[in-house]
Amino acid sequence: MPILNRRTSKNVAKERLKLVLIHDRANCSPEILEMIKTDIIKVITKYMDIDESGLDISIGNAESDYSDNKVPALYANIPIRNLNKTKSS
Amino acid sequence: MSEVIVITSGKGGVGKTTTTANIGAGLALLGKKVVLIDADIGLRNLDVVMGLENRIVYNVIDVVEGSCRLKQALIKDKRFDNLYLLPAAQTRDKSAITPQQMRKLCSGLKEEYDYVLIDCPAGIEQGFKNAIAGADKAIVVTTPEVSAIRDADRIIGLLEANELRNPSLIVNRIRTQMVKRGDMLSIDDVVDVLAVHLIGAIPDDEQIVISTNNGDPIVGTQSVLSGKAFTNICKRILGEDVPFIDLHSPKGFISRLKNMIKFGNS
């Protein structure tokens with residue numbers, strides 16, 4: 001029996017499939033993700049000083065609040081460089 | 001109540017036609033009146049898989065164009081009571097028929113048959129749209145490969161967009177030894193990824209190749225694992241609660257007996 005989480009070709013296939021299907025189902029190409037990223041940077045830099053090169057945005061799975069199934073979710077990891085860049089003016 | 005079921009997959013070569021032939025023959029063996037429609041206009045194959053290729057006079061396009069009556073185009077399978085085939089045209093293309101015409105054809109056939117099974121062409125274009133137009137239910141066939149599963153997922157989405165919700169899944173060509181080694185997705189893996197209801201799992205079986213060579217459906221042959229798996233699918237379509245065959249002991253009784261003898265000797 002294959003040991004759990006061993007990197008069998010089956011596990012590789014399943015992981016690849018899950019990712020491909022998330023993108024297929026969301027109808028979301030890497031280009032669109034890139035566009036979302038640019039827009040998010042535009043909005044947030046209005047209020048905070050963020051590390052643009054460290055910004056990571058991806059589509060993944062999340063637990064649903066309404067059912068037992070996993071649902072696709074948009075993840076954004078946005079490192080803040082300086083919180084005190086409050087543009088009050 | 002009559003039902004129109006479309007058998008589809010997205011990807012070609014996963015076993016739609018073989019599945020259609022065997023489910024059709026299986027339902028007929030269980031006493032239902034069944035008609036199979038080959039919707040793969042231009043690339044017909046259900047006739048050869050069924051072994052009825054020499055008896056085609058008219059086809060589905062002749063029927064919708066009014067060149068013949070429906071009764072004239074239907075081929076009765078002499079080996080099974082109440083099994084009929086409506087073959088596709090070979091010299092025409094997918095545009096020779098419209099979704100409206102398919103809908104009308106299906107509703108007409110429903111009045112006389114318990115089950116109308118439609119063998120859908122591969123792809124998501126016109127042929128697919130025609131094939132699903134008159135259907136009440138869908139069965140999606142896939143194999144445990146990334147390409148087939150990805151296409152199946154896309155098809156499931158398109159079916160849902162066309163009001164064909166909750167399709168049933170058949171996982172075809174499972175190779176137990178490879179699954180055991182961790183080199184092939186298991187039935188559970190496929191169901192987990194696609195998140196649809198499983199109606200059957202067919203082992204990869206040399207006997208299916210032989211049965212297709214002979215033009216003789218395998219479904220009645222209970223001694224062959226794949227034949228039994230098809231019978232079980234038919235029973236599930238009829239609403240019976242049939243347990244899934246344990247594909248992991250493919251030799252069944254004999255191998256278990258051998259193991260017992262070995263155990264006794266040691």
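**Sheet, helix packing and interface in a predicted model**

Trainee: In this predicted model, which residue of β6(B) is the bridge partner of B:I7?
Mentor: Strand β1 (residues 3-8) of chain B pairs with strand β6 (residues 137-142) of chain B in the parallel sense, over four bridges. Within that pairing, the partner of B:I7 in β6(B) is B:I139.

Trainee: Which strands stand at the edges of the sheet in chain B?
Mentor: The sheet is open, has eight strands with mixed pairing, and runs in the order β3-β4-β2-β5-β1-β6-β7-β8 (chain B). Two of the strands have a single partner strand each, so one side of each lacks a neighbour in the sheet. These edge strands are β3 (75-76) and β8 (197-203) of chain B.

Trainee: At about what angle does helix α9 of chain B run to β7(B)?
Mentor: Helix α9 (residues 187-194) of chain B lies across β6, β7 (168-174) and β8 of chain B. Its angle to β7(B) is about 145°.

Trainee: Are α7(B) and α9(B) parallel or oblique to each other?
Mentor: The axes of helix α7 (residues 146-161) of chain B and α9(B) come within 10 Å and cross at roughly 40°. Roughly parallel would require an angle under 35 degrees. The two helices, α7(B) and α9(B), are therefore oblique.

Trainee: How many nonpolar residues does the contact of α7(B) with α9(B) have?
Mentor: From α7(B) come B:I149, B:A152, B:D153 and B:I156, and from α9(B) come B:V190, B:V193 and B:L194. One residue of this contact is charged and none is polar. The nonpolar count is six.

Trainee: How are α5(B) and α6(B) oriented, roughly parallel or roughly antiparallel?
Mentor: Helix α5 (residues 99-110) of chain B and helix α6 (residues 126-133) of chain B pack with axes 7 Å apart, at an angle of about 30°. Angles under 35 degrees count as roughly parallel. The orientation of α5(B) to α6(B) is therefore roughly parallel.

Trainee: Which residues of α6(B) meet α5(B)?
Mentor: The crossing of these helices, α5(B) and α6(B), is right-handed. On the α5(B) side the residues are B:P99, B:M102 and B:R103. Those they meet in α6(B) are B:K129, B:N130 and B:A133.

Trainee: How many charged residues are on the side of chain A that touches chain B?
Mentor: Between the chains, 15 residues of chain A are in contact with 13 residues of chain B. The chain A side includes five nonpolar and three polar residues. Its charged residues number seven.

Trainee: Where in chain A is confidence highest?
Mentor: The mean pLDDT of chain A is 80. Confidence is lowest in strand β2 (residues 56-63) of chain A, at a mean of 79. The highest, at 90, is in helix α1 (residues 9-26) of chain A.

How values were computed: Residues numbered from 1 in each chain as written. Chains lettered and ligands numbered in written order. Predicted model: local features only at pLDDT ≥ 70, side-chain atom pairs only at ≥ 80, totals over all residues. Contact = placed C-beta atoms within 7 Å. Nonpolar A, V, L, I, M, F, W, Y, C, P; charged D, E, K, R; others polar. Axes fitted to C-alpha atoms, helices over the stretch in contact; angles between N-to-C directions. Parallel < 35°, antiparallel > 145°, perpendicular 65-115°, else oblique. Left-handed = near helix turned anticlockwise from the far one by under 90°. Pairing = 2+ DSSP bridges. pLDDT = per-residue confidence, 0-100.
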